[in-house]
Amino acid sequence: MRIQAIRGVKDIMPDEIEKWRWVENKANQVFTRYGFKEIRLPIFEKTKLFSRGIGETTDIVEKEMYTFEDRGGEKVTLRPEGTASVVRAFIEHKMYTKQTVQKYYYLGPMFRYERPQAGRFRQFYQIGVEAMGSHNPSIDAEVMIMLMEFFTVLGLNQIELQINSLGCNKCRPEYRETLKKSITNHLADLCENCNKRYQKNPLRVLDCKVERDIEIASGLPKITDHICNECKCHFEKVQTLLHETQIPYNINPSLVRGLDYYTHTAFEVTSRDLGAQNAISGGGRYNTLVEEFEGPPTPCFGFALGLERLISLVPFDKLESIETNPDVFVVSLGEEAKLKVFSLVHQLRSGGISVERDYNEGSIKSQMRKANRSASSFALIIGENEIKSGTYQLKNMKDGKQSNITAESCVEEIKALIN
Ligand code: HAM
């Protein structure tokens, strides 16, 4: 019986990995410049962390979590996102005792039992960022600016930054009631899902994707007209800072996000080049989550981006070469050369040179063909004569020029040539 991968789960094969690594390295470079440090977190956690953190009535918690009992009877869940884990680790390691804003980034697989379709998987990868410990609207703006800069470095265009304010625990409950009252008049026309959402999570009605509901939602009271002065002031400051750095954005009053922990600023970056699943990234401020997990009051701001969606948008053909071809392809002939070549390959690699060879040990012609195909910079040719004379032949694969290179200085000379 042939066993295949689970639906909604994908292999990332070596020819694609180069793109992934390149994007991951760029993220590391950009985020490090802004003072973010990598954090690695477990892939599974106690179920309670996510159900309480993300919100009991969210789609993720109600329908999408991979939850099971382990052999000790503990209820555990494969992480559907990273923020709740960062908050747990922040409290567990008492990172709040540090005086400075803690800035973390993470990368890894997330798991959601969603209906698989283009751009939507059951195991997908995120890069996430969390800045913990400041109310300052500069953090909101800076983190969004960093994300947009990262997208620019990757050569992305046709993307849009949408922002909104979701208010705070003081003003949102009142808005929620106003919204609920207003929705009551439209219940018969709204989809079944929205009729359910209306009871438990009426804000989600605002971002329903059903066409008729979008039309109804556009006539419902807007949250930005109902937030308190403090929230308004925060939101205005964020916008001023975005203006100041000339980052284009749109205010989208229907943007509510699918996770319950947000307060104040919420945002998404979407792309017109993606299909129905057009969000590359989303995030916002969450000022109460650390306290909800019994940590000290710690205002936070963060985002996560979906790597599959992002990588599908990067114009790799227009960017600097990201290929990692070997520096040298070693071509060898004859019994006597075998042992010598084996240890030479080892020496070259230890010296920091990437080396490929023909393990089938075919004819010179077939080995040269493989060297060509590997797109190596050089071919190092070693036969019995070369072993005897202690001089190898080095062929530059770009211009075809051949030169002699002595066995003793081989590693150093090749190193000088490739650097
Ligand atoms: P999220 O909006 O649920 O936010 O996910 C962030 C991004 O992950 C999405 O914009 C999308 O690109 C990608 N994504 C989500 N679900 C899937 C899927 N099934 N298949 C492929 N890609 C997907 C969060 O996860 C929050 N933790 C973000 C955050 C961090 N907020 C504050 N800090």
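Colleague: At what separation from an oxygen atom of the ligand does a backbone N or O atom of Gly 306 lie?
Modeller: This is a predicted model, in which local features need pLDDT of at least 70, side-chain atom pairs count only at pLDDT 80 or more, and totals for chains, interfaces and linings use all residues. Residues are numbered from 1 along each chain as its sequence is written, and side-chain values use heavy atoms, with hydrogens and water left out. A polar contact is a pair of N or O atoms within 3.5 Å; within protein, one must be able to donate a hydrogen and the other to accept it, and residues adjacent in sequence count only if both atoms are side-chain atoms. For the backbone N or O atom of Gly 306 and the ligand oxygen, the value is 3.2 Å.

Colleague: Which strand gives the most residues to the shell around the ligand?
Modeller: The ligand is surrounded by 25 residues (a heavy atom within 4 Å), and Glu 81, Glu 114, Phe 121, Glu 130 and Tyr 262 are the closest. The shell divides into 10 nonpolar, 8 polar and 7 charged residues, with Tyr and Cys counted as nonpolar and Gly as polar. With 6 residues, the strand that gives the most is β10.

Colleague: Which strands stand at the edges of the sheet, each with a single partner strand?
Modeller: The open sheet of 3 strands has antiparallel pairing (at least two DSSP bridges between two strands) and the order β2-β4-β3. One side of each edge strand is left without a neighbour in the sheet, because each has a single partner; the edge strands are β2 (44-46) and β3 (66-69).

Colleague: Which helix packs on this sheet, touching β2, β3 and β4?
Modeller: The sheet has an average twist of 30 degrees from one strand to the next. Within it, β3 and β4 (75-78) form 4 antiparallel bridges, and Phe 68 is opposite Val 76. The helix, whose direction makes about 80 degrees with that of β2 (axes are fitted to C-alpha atoms, over the stretch in contact for helices, and angles between N-to-C directions run from 0 to 180 degrees), comprises residues 47-54 and is α2.

Colleague: At about what angle to β7 does helix α9 run?
Modeller: The open sheet of 8 strands, with mixed pairing, has the order β1-β5-β6-β11-β10-β9-β7-β8, and its edge strands are β1 (37-38) and β8 (250-251). Helix α1 (14-33) packs on this sheet against β5 (102-111), β6 and β11, at about 5 degrees to β6. Helix α9 (229-244) lies across β7, β8, β9 and β10, and its angle to β7 is about 155 degrees.

Colleague: Which residue in β9 is the bridge partner of Ile 163?
Modeller: β7 (159-165) and β9 (265-271) pair in the antiparallel sense over 7 bridges. In that pairing, Ile 163 has as its partner Phe 267.

Colleague: Which residue has its backbone oxygen 2.9 Å from a polar side-chain atom of Lys 103?
Modeller: Lys 103 belongs to strand β5. Beyond neighbours within four places in sequence, the contacts of Lys 103 (heavy atoms within 4.5 Å) include Phe 36, Glu 130 and Glu 142. The backbone oxygen that lies 2.9 Å from the polar side-chain atom belongs to Tyr 34.

Colleague: Which residue takes a positive phi in the hairpin of β15 and β16?
Modeller: β15 (391-396) pairs antiparallel with β14 (378-382) over 4 bridges, and 5 bridges join β15 to β16 (402-406). Lys 395 stands opposite Gln 402. Of the hairpin, with 5 residues between its strands, the residue with a positive phi near 80 degrees is Gly 400.
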